[in-house]
Amino acid sequence: MCGIVGYTGEDDITTALGRGLEKLEYRGYDSAGVALAESGGLRVIRSVGRVAKLEEKLRGVVTDARCGIGHTRWATHGSPTEINCHPHLSFGRRFAVVHNGVIENCRKLRELCEDRGISPVSDTDSELIAHLLELFFDGDVISAVRRTAEMLEGSFAVAALHAGEPDVIYAFRRSSPLIIGVSPGRCGVASDGCAAEGDTLLLGDGQYARISPAGARVWENGKRVSPGRISGFAVGSHGTAGYAHYMMKEIAEQPGAAARTIESLSRRRLSGSLAFIGCGSSYNAALSVLPLAEHSARRGASAFTAGEFLLTEKLSGRGRTAVAISQSGETADTVAAAREAAARGWSLLAVANVPRSSLTRVCRRCALTQAGPEISVATTKGFTSQVAALAAMLARGALRDEVRRLPAAIEKALAAEADAETAAELFAPDKAAFFIGRRADVGAALEGALKLREITYIPAIGLAAGELKHGSIALIEEGTPVVLVHTDPALKDKTLLTAATVKARGGRVIAVTHDDEVAAAADLALRIPDVPHLISPAVSVVPMQLLAYHAALRLARDIDKPRNLAKSVTVE
Ligand code: M6R
């Protein structure tokens, strides 16, 4: 959640910050702001709403600043108002800060500020950091940074300006990522690899840095250290490449993403007693591969949402592997669950798309998906790459050859777009919709429902098909769309019965299937190629992504940045 950017160098400062904020906007987008280090002092410009609104405000701003910091926010402490928007100034206007993360002891720190006669103006925890910097400043900013960081509990990535040094950015972090970009004559800082320019250095946990156009100096516990150089950050691939939205571009990128992922993991094996952990779509990916895991390992496997895993009775992990799944690698619940699993003795494997993310640092073993940067808040290629990665590591025998054919099958499934567009006409915001399936199709159905809910705001319910008659069927009336995923030939009779049950109550059945008979029994079919049921979710999800996309387009929704959401949820 939230994006941080900082720049110091010869480029026009508002353009440089705007460029970074645009790239980071997918991390949070309810307000944005910049602080400029002008010769006359620190100047803050903020606005509620999208980065474009801030950029409008910045156009025409006359400034002599060559250094600044910026932030795009997803509100946690305090509503998205201009006062709560970052950057925040300290009481004496000597420091400006932008912050990602959550300060857990913010009540205590607020009291500390108030005791010193400082009245915070915003509802945020972040503003307190600016005040602490100024309180601890005695002529040496680095020591003020160190003392401030020591006072903070929780997670933070902070970039700060000091009025006395108009070409310097200070940065410090714990648990939230921060990357320093270094190029000749100019440097920057960003909370995400996609906005870092030049050679990228990862500021380590607990480290703090002084960044000027001449380069970056980094300290830890009072001693100078060399930060880790990052390779493998997939920086490129920004821009929609002619597509109307990132989501559509990323849907189209799925065959390539799956192929790279499967290739890179072709020699890895995942076996033993497994528990999969993830949130949102990553949890749906876990559900999607559970039957495959049970089949391959010939023993039970389980899936937990990360939040629930944290709340389970102390499940001992001895002899068991926890597979923590996350596209971003920054989801707070998943990272916390991985830490907890390690503490309980589980062996850990991260399945993540972002190398050098918080999750990959917590887990000793990693299996990276190769989807490249995913910008649309609604994940598509992130999900299919996760399923492909897990299938590549779990499949045994002849199924391994079938896994290698998944990218081609995903490509074929993209051909369902015209039918998905027609099916989208059956969905309306005031009408509930269902997505149902059995075994591996449950994970795919839940993901189809999540995609539709997330970008159209239509109440879409994902269910195991057998559950429909246990209550939810009460919602089915004339015209209720029911997306029925069917990929397991052994379950055809059950699927046909479900279709008949839905139609008998006036529901409209949209089948996602390779099967002619099931397709004929439906009102509309989204055809997919015939792939083995156990690995099918990577393919069957595709028409449902297209369906959600076209339904959102019809409703003129903000597809890449749906309301209330952010790309990665870095708060628990
Ligand atoms: O980065 P992660 O995979 O850990 O993200 C987990 C969820 O927040 C994410 O999948 C979310 O549900 C998506 N926006 C769904 O499209």
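Visitor: What should I know about the model before we start?

Guide: It's predicted, so local features need pLDDT of at least 70 and side-chain atom pairs count only at pLDDT 80 or more, while totals for chains, interfaces and linings use all residues. Residues are numbered from 1 along each chain as its sequence is written, and side-chain values use heavy atoms, with hydrogens and water left out.

Visitor: Which residues of helix 16 and helix 19 make the contact?

Guide: Contact means heavy atoms within 4.5 Å. On helix 16 the residues include Ala444, Gly448 and Ile455, and on helix 19 they include Val541, Met544 and Ala548. The residues of this contact split into twelve nonpolar, four polar and two charged. Here Ala, Val, Leu, Ile, Met, Phe, Trp, Tyr, Cys and Pro count as nonpolar, Asp, Glu, Lys and Arg as charged, and the others, Gly among them, as polar.

Visitor: What makes helix 8 roughly antiparallel to helix 16?

Guide: The axes of helix 8 (residues 280-297) and helix 16 cross at roughly 160 degrees and come within 6 Å. That angle makes helix 8 roughly antiparallel to helix 16.

Visitor: Which residues meet between helix 8 and helix 16?

Guide: Among them are Gly280, Asn284 and Leu287 in helix 8, and Gly443, Leu446 and Leu450 in helix 16. This contact divides into six nonpolar, five polar and two charged residues.

Visitor: What makes Lys561 and Glu25 a salt bridge?

Guide: Side chains of opposite charge can pair when their charged atoms come close. The label asks for a side-chain nitrogen of Lys or Arg within 4 Å of a carboxyl oxygen of Asp or Glu. In Lys561 and Glu25 the closest N and O atoms are 3.5 Å apart, and the pair forms a salt bridge. Lys561 lies in the segment after helix 19 and Glu25 in the loop between helix 1 (13-24) and strand 2 (31-38), so this pair ties together parts 536 residues apart in sequence.

Visitor: Are Lys561 and Glu25 buried or exposed?

Guide: Buried means under 20% relative accessible area, exposed over 50%, and partly exposed in between (1.4 Å probe, protein chains only). Lys561 comes in at 19%, so it counts as buried. Glu25, at 8%, is buried too.

Visitor: How many salt bridges does the structure hold?

Guide: It holds 26. One of them joins Asp488 and Arg439 at 3.5 Å, N to O. Asp488 is buried at 9%, while Arg439, at 43%, is partly exposed. In the salt bridge of Asp523 with Arg508, the closest N and O atoms are 3.9 Å apart. Asp523 is partly exposed at 36%, and Arg508 is partly exposed at 32%.

Visitor: How do you know that Leu484 is buried?

Guide: Its relative accessibility is 2%, so Leu484 counts as buried. Leu484 sits in strand 23, and its contacts beyond four places in sequence include Ile436, Thr498 and Ile510.

Visitor: Why is Pro80 called partly exposed?

Guide: Pro80 has a relative accessible area of 35%, so partly exposed is the label. Pro80 is found in the loop between strand 4 (67-73) and strand 5 (88-89). Leaving out residues up to four places away, Pro80 touches Asp30, Val48, Arg73 and Ala75.

Technical notes: Helices (H or I, at least four residues) and strands (E, at least two) are DSSP runs, numbered from the N terminus. Axes are lines fitted to C-alpha atoms, for helices over the stretch in contact, and angles run from 0 to 180 degrees between N-to-C directions. Angles under 35 degrees count as roughly parallel, over 145 as roughly antiparallel, 65 to 115 as roughly perpendicular and the rest as oblique.
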